[in-house]
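Student: I am new to this structure. Could you take me through the terms used for it?

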Amino acid sequence: MMQWLAVFRRENLENWRNFKWIWVPIVFILLGVMDPISMYYLPKILEATGGLPEAASLNLPQYRPEDIIMASLSQFSQLGVLIIVLMTMGLIARERRSGVAELVLVKPVKYRTYITAKWSATSLLVLVSLTCGLLMSWYYTNILFGVLSFQQFLQVWGFYSFWLLFVVSISMFMNTLVKNSGAVAFLTFMTIILSSIVTKIFSKYLVWSPNRLSEYIMDTINTGTVPGELLGTAGMSSVLILLLITGSVFMLRTKEMA
């Protein structure tokens, strides 16, 4: 346990020295406030910039609070995932290439300790950043578009966290496969894209695919009830995350002992 805490603290300290504890939450906050503010002030922005031509008209829909919070989730699913992949693409691959990983693992630090401590430190940073971004989105949504209850916010945060932790786990696994950071990012993006395509093609069968979390979250905040599919998807995401972490330990041990 002491070894695990030492690696965990070292990783958090490294994230602090690299200013990740500053810029990652700030980026998520910007992503969170982008849609509520831009959608609310869009008519005024158009008016201030000269408006539309006389013959043209702009009929904006009446956005509900649920629409705005889902728009913020869409930002996290695109730019947020991009940030996470770029942030984690050298998490282990860079240390393996430079030899730092070998120095740590001969102390001796168990492979399981090394992987789980790094995963936990990165996940903590991601979850704190998501909390900051989603809180700001929820705050401005309530001010500008109407009430979205705190219970709904917790449901969105809790279930959507599984998706970002799943992305972190994929990137962690790719870090143990290859030593090149660019290759890690490419393989992670390809895995996410392919899983999204496969889920859409076989949506009838892949009911518990992690790619469908946002879809079920939308159903939850619209109906006020948590569908069984969302619970199943969260459970399946947890299993896949556990498998990816276990696979990362196995792959790292195999690669380092080869």
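**Terms and values**

Tutor: Start with Glu 11, which counts as buried at 5% relative accessibility. This is a predicted model, where local features need pLDDT of at least 70, side-chain atom pairs count only at pLDDT 80 or more, and totals for chains, interfaces and linings use all residues. Residues are numbered from 1 along each chain as its sequence is written, and side-chain values use heavy atoms, with hydrogens and water left out.

Student: Why is Glu 11 called buried?

Tutor: Buried means under 20% relative accessible area, exposed means over 50%, and partly exposed lies in between (1.4 Å probe, protein chains only). Glu 11 has 5%, so the residue is buried.

Student: What makes Arg 10 partly exposed?

Tutor: Arg 10 has 31% relative accessibility, so this residue counts as partly exposed.

Student: How do you know that Glu 11 and Arg 10 meet in a salt bridge?

Tutor: A salt bridge needs a side-chain nitrogen of Lys or Arg within 4 Å of a carboxyl oxygen of Asp or Glu. For Glu 11 and Arg 10, the N to O value is 4.0 Å. The pair counts as a salt bridge.

Student: How many salt bridges does this rule give?

Tutor: The count comes to four. Among them is Asp 67 with Arg 64, whose closest N and O atoms are 3.1 Å apart. Another joins Glu 215 and Arg 212 at 3.0 Å, N to O. Salt bridges that share partners also join Arg 10, Glu 11 and Lys 118 into one network.

Student: Is Arg 212 buried or exposed?

Tutor: Arg 212 has a relative accessible area of 12%, so Arg 212 is buried. Its partner Glu 215 is partly exposed, at 39% relative accessibility.

Student: What makes a pocket?

Tutor: Take a 1 Å grid over the protein atoms alone: a pocket is an open set of points where a 1.4 Å probe fits, with protein on both sides within 12 Å along at least five of seven lines. Lining residues have an atom within 4 Å of a point. The largest pocket has 13 of them, and Arg 212 is among those nearest its centre. Its volume is about 250 Å³.

Student: Which helix gives the most to that lining?

Tutor: H8 does, with four residues. H8 also gives the most to the lining of the second largest pocket, again with four residues.

Student: Where is Met 190?

Tutor: Met 190 is in helix H8, residues 181-201. Its relative accessible area is 32%, so Met 190 is partly exposed.

Technical notes: Helix = DSSP H or I, 4+ residues; strand = E, 2+ residues; numbered from the N terminus. Points joined across faces, edges and corners; volume = space filled by probe spheres on them.
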